[in-house]
Amino acid sequence: MTVDTEVRPGRHAAVPPGSSGSLLRSTGDWARRAPLMPALVFMIIVTQLPFVVTIIASFMNWNAYYPDERGFAGIDNFRRVVTDVNTRHAILVTILLTAGVVLISLVFGLCVALLLDRKFRGRGLVRTMMITPFLIVPVAAALLWKHALYNPEYGLFNGLLKGIFGDSAPQPDWISNQPLWAVIFALVWQWTPFMMLILLAGLQSRPLDVIEAAGIDGASKWAIFRYMTMPHLRQYLELSALLGSIYVVQNFDAVFTITSGGLGTANLPYTIYQTFYTAHDYGRASAAGVIVVIGTIIIATFALRSVSTLFKEEGR
Amino acid sequence: MTGQVMMVTGKKNRGGGWALSGLAWVVGLLFVLPVLWMALTSFHGENDAAKNPPDLTAPLTLDGFRSFFDTGPWPSIANSLTASILSTVLVILLAFPAAYALSIKPVKKWTDVMFFFLSTKMLPVVAGLLPIYLFAQFAGLLDNIWLLIVLYTSMNLPIAVWMLRSFLAEVPVEILEAASVDGAGLIRTLRSVVAPVVTPGIASAGLICFIFSWNELLFARVLTGTVAQTAPVFLTGFVTSQGLFLAKVCAASLVVSLPVLIAGFAAQDKLVQGLSLGAVK
């Protein structure tokens, strides 16, 4: 899949000096391209070819349980996917989950990055503590939330409630009561450090002399934040939202582990996994896959436009 | 106003500064708390681990780790190490020349190539899963660690290209010109001139690739079985486990996360550049 970005950053490589003769230049071009080719060819074969097969399969009747019925199906799979209540719910869940996790962890991440941008005793240690959630293997993190924190009988949350409020403390079943929030919260815990790291890098790349000058000229802290820090951070905010969305849209580990897709938390990746792995309905799984890709392209087209601004300052 | 300048530049500040520092500490502790809890629980006996309210003073024991290692996790950990390390090596071997072609002597339309690499990251894994599964079935590669190695390489290659490109873009042109005057060919230039300069970049790209490969679940779950099973797949065996195995589950989670935790703590600064795809510095 190639996302057509409509973005064609202006500065292409300058023509190298001493490339006047066309023969010379073509060999020069080839020498330039050669180091790129292995990676490019590898990526095209491993990522683009399978997707072409997915597109073909999405137009076919193809269920491993019914090998005799294999054949062209037209847009039947898509019709079934779009009209199926479960899939429609999965699309909604995917949107809620992605938007929820990305927005909440972006806001948390920004707040923590601002806190950590100041010098104070133990800043390095606090940063280390902050990034720990991101370093836990996602399945392990999900197991941790499911068993050690959320569990109604012996989880830490209810344990703390009982420890603080005594035996009559409420002991909610977190996952059953709010399954989607349970997943979102666990993911926010994992992704806030990611957002924080990128935004902290952004904060620390601010031109401090300009900001100091603004302070001396009488700009208030809020004005400096609003008119200097935020515009500078914009591309970092966009980048972290883009990267976060790419990963969270595809989340499988947390949904699989915490709720096993039950209680209305099955997102599209989980649904496709089931359609393909359990129901062996290859055609329908492919159609759902194509729909995910279309959705991702829509997000990506907007997001890539902003990433392209990162190139503009470079002219090499 | 000087007070505000101090705040902005983050030098000495009293009063409000203390509160903010304290707040930073509280937030940091809150985020690390679940992991500390997991670690503590893993050292408790199963009965103590499942107490409500929790008993922080319960005696420490290695029983949780013992019963985890009794379940035979070593083959899956070895598989994860193999897949992560080999795919990381492959990624660097492919990405390094590519990054050279995209930065130092850029091919025409290098930005388009960069976007192509990034766009492959946006192709949801599930959309390619079926053809890859069918191919593996056809080629007899199901439950084969090499298939995972190739897939993990494709998963991480774009990230590595992006990161290495930004590192290579900072190599001084002079030393390249000097190498070319001395008559060094491409491979020689890459190996003896460019590589030493960008070793930190290669290290951080490698670290990121290692972490993502180690963490991957979906491919591993669908494409491996008993022989090539990876550590995260092994962990999914605990998904349905109930009550009495809390210490064991925590010990398992901790052990499997340990390589990434160690690598991540050791190279925090590199993580920042890596996670932002090297696009921001």
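This is a predicted model: local features need pLDDT of at least 70, side-chain atom pairs count only at pLDDT 80 or more; totals for chains, interfaces and linings use all residues.
**Figure 1. Overall make-up of chain B.** Chain B is built with 15 helices and zero strands. Of its 281 residues, 59% are buried.

**Figure 2. The interface of chain A and chain B.** Here 119 residues of chain A meet 117 residues of chain B in contact. Together the two chains bury about 10500 Å², with 75% of this area on carbon and sulfur atoms. Helix α2 of chain A (residues 37-58) supplies the largest share of the side that touches chain B, namely 14 residues. By residue class, that side of chain A comprises 74 nonpolar, 27 polar and 18 charged residues.

Figure 3. Nine residue pairs are in polar contact across the interface, both partners having a pLDDT of 80 or more. In contrast, the number of salt bridges between chain A and chain B is zero.

Figure 4. Thr94(A) belongs to helix α4 of chain A, which covers residues 85-116. Its relative accessible area is 9%, so Thr94(A) is classed as buried, the cut-off for this class being under 20%. Within chain A, the side chain of Thr94(A) reaches the backbone oxygen of Ala90(A) at a distance of 2.6 Å. When residues up to four places away in sequence are not counted, Thr94(A) touches Val249(A), Asn267(A), Leu268(A) and Pro269(A).

Figure 5. Ala142(A) lies in helix α6 of chain A, spanning residues 138-149. Ala142(A) counts as buried because its relative accessibility is 3%. Apart from neighbours within four places in sequence, the residues in contact with Ala142(A) are Asp253(A), Ala254(A), Thr257(A) and Ile258(A). Pro231(A), 89 residues away from Ala142(A) along the chain, has its C-alpha atom 36 Å from the C-alpha atom of Ala142(A).

Conventions. Residues are numbered from 1 along each chain as its sequence is written. Chains are lettered from A and ligands numbered from 1 in the order in which they are written. Side-chain values use heavy atoms; hydrogens and water are left out. Helices (H or I, at least four residues) and strands (E, at least two) are DSSP runs, numbered from the N terminus. Buried means under 20% relative accessible area, exposed over 50%, partly exposed in between (1.4 Å probe, protein chains only). Contact means heavy atoms within 4.5 Å. Buried area is the accessible area (1.4 Å probe) that two parts lose on being put together, summed over both. A salt bridge is a side-chain nitrogen of Lys or Arg within 4 Å of a carboxyl oxygen of Asp or Glu. A polar contact is a pair of N or O atoms within 3.5 Å; within protein, one must be able to donate a hydrogen and the other to accept it, and residues adjacent in sequence count only if both atoms are side-chain atoms. Ala, Val, Leu, Ile, Met, Phe, Trp, Tyr, Cys and Pro count as nonpolar, Asp, Glu, Lys and Arg as charged, and the others, Gly among them, as polar.
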